[in-house]
Amino acid sequence: MSGAELKKVGLKVTLPRLKILEILETAGEDHHLTAEDVYKLLLEQQEDVGLATVYRVLTQFEQAGIVRRLNFENNISIFELDTGDNHDHLVCLKTGKVKEFVDPVIEERIKVIAKENGYDLSWHSLVIYGALVKQPD
């Protein structure tokens with residue numbers, strides 16, 4: 001996403017917004033970040049952006065539909081870019097790490113359950129909590 005795209009969603013282009021967006025876009029496989037994670041990465045890049053600004057920008061991004069905020073039972077909120085795809089999450093209770101997954105069988109079953117109960121499905125959220133005991137093959 002560029003500065004022009006920020007303007008398109010009604011946000012003024014500022015250096016903190018661009019830096020935070022860059023961090024979210026380049027987070028790689030571990031793209032589920034807390035506000036504190038984003039703040040630490042900004043500090044590592046020697047960017048002078050306060051934690052309150054990080055929270056404010058992430059909230060603005062959420063309201064503009066750029067990011068999704070996910071609130072988990074362990075009282076952790078993480079942010080991820082809203083790519084429009086539908087995926088679910090696994091949360092490790094030991095480390096707090098979040099991994100996403102997609103399972104076509106689960107997706108289809110959720111649609112069937114909604115229809116059987118008279119619901120027009122808008123979206124769903126499935127979170128599985130556990131402790132990682134072994135890395136998958």
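What follows is a set of questions and answers about this model.

Author: Before we start, this is a predicted model, so local features need pLDDT of at least 70 and side-chain atom pairs count only at pLDDT 80 or more, while totals for chains, interfaces and linings use all residues. Residues are numbered from 1 along each chain as its sequence is written, and side-chain values use heavy atoms, with hydrogens and water left out.

Reader: In what order do the elements of the protein chain run from the N terminus on?

Author: Helices here are DSSP runs of H or I with at least four residues, strands are E runs of at least two, and both are numbered from the N terminus. The protein chain has five helices and five strands. Read from the N terminus on, the order is α-α-α-α-β-β-β-β-α-β.

Reader: What share of the 137 residues in the protein chain is buried?

Author: Buried means under 20% relative accessible area, exposed means over 50%, and partly exposed is in between, with a 1.4 Å probe and protein chains only. The C-alpha atoms fill a box of roughly 50 × 40 × 25 Å along the principal axes. Of the 137 residues in the chain, the buried share is 29%.

Reader: On to the helices: are H2 and H4 roughly parallel or roughly perpendicular to each other?

Author: Axes are lines fitted to C-alpha atoms, for helices over the stretch in contact, and angles run from 0 to 180 degrees between N-to-C directions. Under 35 degrees counts as roughly parallel, over 145 as roughly antiparallel, 65 to 115 as roughly perpendicular, and the rest as oblique. Helix H2 (residues 15-25) and helix H4 (residues 51-63) have axes 10 Å apart and pack at an angle of about 75°. H2 and H4 are therefore roughly perpendicular.

Reader: How many nonpolar, polar and charged residues does the contact of H2 with H4 have?

Author: Contact means heavy atoms within 4.5 Å. H2 brings Pro16, Arg17, Ile20, Leu21 and Leu24, and H4 brings Thr53, Val54, Val57, Leu58, Gln60 and Phe61. For the classes, Ala, Val, Leu, Ile, Met, Phe, Trp, Tyr, Cys and Pro count as nonpolar, Asp, Glu, Lys and Arg as charged, and the others, Gly among them, as polar. The tally for H2 with H4 is eight nonpolar, two polar and one charged.

Reader: And H3 with H4: which residues make the contact?

Author: Helix H3 (residues 35-44) packs on H4 at about 125°, with the axes 9 Å apart. That angle makes H3 oblique to H4. By class, the contact of H3 with H4 has eight nonpolar, no polar and one charged residues. On the H3 side they are Ala35, Glu36, Val38, Tyr39 and Leu42, and on the H4 side Leu51, Val54, Tyr55 and Leu58.

Reader: Which residues of H2 and H3 meet?

Author: The axes of H2 and H3 come within 10 Å and cross at roughly 110°, so H2 and H3 are roughly perpendicular. The classes here are five nonpolar, no polar and one charged. From H2 come Lys19, Ile20 and Ile23, and they meet Val38, Leu41 and Leu42 of H3.

Reader: Where does Gln46, with its positive phi, lie?

Author: Most residues other than glycine have a negative phi. Gln46 is not a glycine, yet its phi is positive at about 60°. At 73% relative accessibility Gln46 counts as exposed. Its place is the loop between H3 and H4.

Reader: Which residues form the one aromatic pair?

Author: Rings of Phe, Tyr and Trp (its six-membered ring) pair if their centres lie within 6.5 Å, and planes under 30 degrees apart count as stacked, over 60 as edge-to-face and the rest as tilted. The structure holds one such pair. It is edge-to-face, with 6.5 Å centre to centre and 85° between the planes, and its members are Phe72 and Tyr129.

Reader: How many residues apart in sequence are the parts that this pair ties together?

Author: Phe72 is buried at 7% relative accessibility, whereas Tyr129 is partly exposed at 30%. Phe72 lies in the loop between strand E1 (67-71) and strand E2 (77-81), and Tyr129 in strand E5 (residues 127-130), so the separation in sequence is 57 residues.

Reader: How far apart in space are Lys97 and Leu132?

Author: Lys97 sits in the loop between strand E3 (88-92) and strand E4 (98-101), and is partly exposed at 49% relative accessibility. Lys97 and Leu132 are 35 residues apart in sequence, and their C-alpha to C-alpha distance is 9.5 Å.
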